[in-house]
Amino acid sequence: MRVALVGLGAIGLGAHLPALLRHPFVDVVQLVDPDAGRRETAAATGVPAAAELDPAGVDGVVLATPPWVTPELAVRYAEAGLFVLAEKPVATSVDAARIYDRLDGEQRRRVQVGLTYRHDPAIRQLKTWIDDGTLGTPVLVRAHIYDEAYDPANPEHTALITRTLEHGSPVVHEGAHIFDWLAYLLGAPTLHDAWSGATRPGLPAPNLVGARLGYPGGHRALVEFGWFTAALPRCELTFLGDRGLATLDGFTFDLRLSTADGDREVRFPGDRTTRCFDLQVQRFVELYDGTRKTGVPSLDDGIAALRTAQLVAGRAG
Ligand SMILES: NC(=O)c1ccc[n+]([C@@H]2O[C@H](COP(=O)([O-])OP(=O)(O)OC[C@H]3O[C@@H](n4cnc5c(N)ncnc54)[C@H](O)[C@@H]3O)[C@@H](O)[C@H]2O)c1
C-alpha cells in the first residue's frame with residue numbers, strides 16, 4: 001500500500017511515520033507539510049517531501065493535521081478515490097463536520113478515524129469484563145483525563161496547547177477518544193449535566209470540564225478533562241460494579257481487576273503508543289486490501305464522539 005503522510009507535526013513524525021515505516025506492506029511514498037521547517041526535520045527519512053500532496057501513485061493518505069484543517073483534506077482525498085486515515089477529532093464542531101456529507105457511501109467507507117487507542121487490547125478486555133458480568137451490572141465509570149501540563153519553560157508546547165484551546169476546550173480534543181471508548185463499551189450516551197472552569201485568566205477556553213452521562217442498561221459515567229495546570233491529577237478510568245472494580249491507567253493502559261477473588265494485573269506487551277499505532281496501520285492496510293469493509297473506527301464513530309464532546313462543551317459553557 002503506497003501511503004502519503006500529510007502533517008509532519010508531533011504526532012505525524014512522532015507516531016504515524018514510525019508505525020507506517022514498521023509495517024511490511026506499507027511503502028511511504030510522500031511526506032507533506034506546508035511548513036518548510038517541518039519538511040526539513042523529516043528530510044532524514046529520505047522520503048520525498050512537498051508542500052502539497054500529489055495524489056498520483058498514492059493509495060492511501062494519513063492526515064496528521066490540526067482538526068480545523070483535517071475535514072477539508074479528508075473530503076478532498078476521499079473524493080479523489082484515496083483511502084484516508086484522518087486524525088481525531090474529525091472536525092472542531094458538528095457543523096464543521098457537515099462537509100463529510102459530500103462523500104458518497106463508497107468514499108465514506110474508505111475513511112478510518114485516528115481514534116488510535118480504541119485498538120488497544122485493554123479496551124477489548126474491559127468490554128469482556130463489562131459484557132460477561134465480571135464487574136456486575138450496571139457499572140459506574142469515572143474517567144479522569146488529565147494531560148498537557150503547563151510548563152512556561154517549554155514555549156513550543158505552550159503555543160501548541162494555547163492554539164488548540166482556541167479551537168475548543170479539552171473535552172473537544174480528548175473527548176474524541178474517551179467518548180469513543182465509552183460508546184464502544186456501553187452504547188449511545190445521554191448527557192445529564194456538565195460544568196467547566198478556567199484555572200487562570202487569559203486562557204482561550206476553560207481548561208477544566210466535566211460531565212455526567214447515562215448509558216443503556218443503567219450504566220453511568222462521570223468524566224473530567226483537565227489540561228494546562230502546573231501539576232496534574234492521575235489520569236485513569238475506573239469501572240465499578242457490584243462484583244468488581246477495573247482500573248485502566250490512562251497513559252500505559254495497564255489494567256487492574258479487583259473482585260472477591262482478589263486482585264489481578266493485566267498488561268499487554270510493548271508500550272501503548274507503539275502497540276496502538278501499529279494496530280491502527282494494520283487496520284488501514286486491511287481496509288485497503290478488502291479484509292475490512294469499512295474504517296474501524298469509522299467516520300460515523302468519529303462524528304458520534306465529536307457530537308457527544310460538543311454536547312458536553314455546550315452544556316458546560
Ligand atoms: N491519535 C492520537 O493519539 C493523537 C495524539 C496526538 C494528536 N492527535 C491529533 O493529531 C492532529 C495533529 O496533532 P499534532 O500534535 O501533531 O499537531 P502539530 O501542530 O504538531 O502538527 C500538525 C502539522 O500539520 C501541518 N499542517 C497544517 N496545515 C496543513 C495542511 N493544509 N496540509 C498539510 N499539513 C498541514 C502543520 O504544519 C503541522 O506540521 C490533531 O488533530 C490532534 O488532535 C492525535
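## Annotated regions

Helices and strands are here DSSP runs, a helix (H or I) having at least four residues and a strand (E) at least two, numbered from the N terminus. In this predicted model, residues 1-114 are 31% helix and 23% strand, with the end C-alpha atoms 18 Å apart. The unreviewed UniProt entry annotates residues 1-114 as "domain: Gfo/Idh/MocA-like oxidoreductase N-terminal".

## Position of the ligand

The ligand lies between domain 1 (2-117 + 274-296) and domain 2 (121-269 + 306-316), because both domains give residues to the shell around it. That shell holds 25 residues, of which A10, I11, D33, R38 and T116 come nearest to the ligand. Sorted by class, the shell is made up of 13 nonpolar, six polar and six charged residues.

An N or O atom in the side chain of D33 is 2.5 Å from an oxygen atom of the ligand. The backbone also takes part: a polar backbone atom of G9 is 3.5 Å from a ligand oxygen atom, and a backbone N or O atom of T65 lies 3.2 Å from an oxygen atom of the ligand.

On its own the ligand has 850 Å² of accessible area, and the protein covers 80% of this. Two or more residues of the shell come from each of helix 1 (10-22) and helix 6 (155-165).

Notes: Residues are numbered from 1 along each chain as its sequence is written. This is a predicted model: local features need pLDDT of at least 70, side-chain atom pairs count only at pLDDT 80 or more; totals for chains, interfaces and linings use all residues. Side-chain values use heavy atoms; hydrogens and water are left out. UniProt positions are given in the numbering used here, feature names are shortened, and annotations may be inferred rather than shown by experiment. A residue is near a molecule or strand if one of its heavy atoms lies within 4 Å of it. A polar contact is a pair of N or O atoms within 3.5 Å; within protein, one must be able to donate a hydrogen and the other to accept it, and residues adjacent in sequence count only if both atoms are side-chain atoms. Accessible areas come from the Shrake-Rupley method with a 1.4 Å probe; for residues, only the protein chains shown count as cover. Ala, Val, Leu, Ile, Met, Phe, Trp, Tyr, Cys and Pro count as nonpolar, Asp, Glu, Lys and Arg as charged, and the others, Gly among them, as polar. Domain bounds come from an automatic or database domain assignment.
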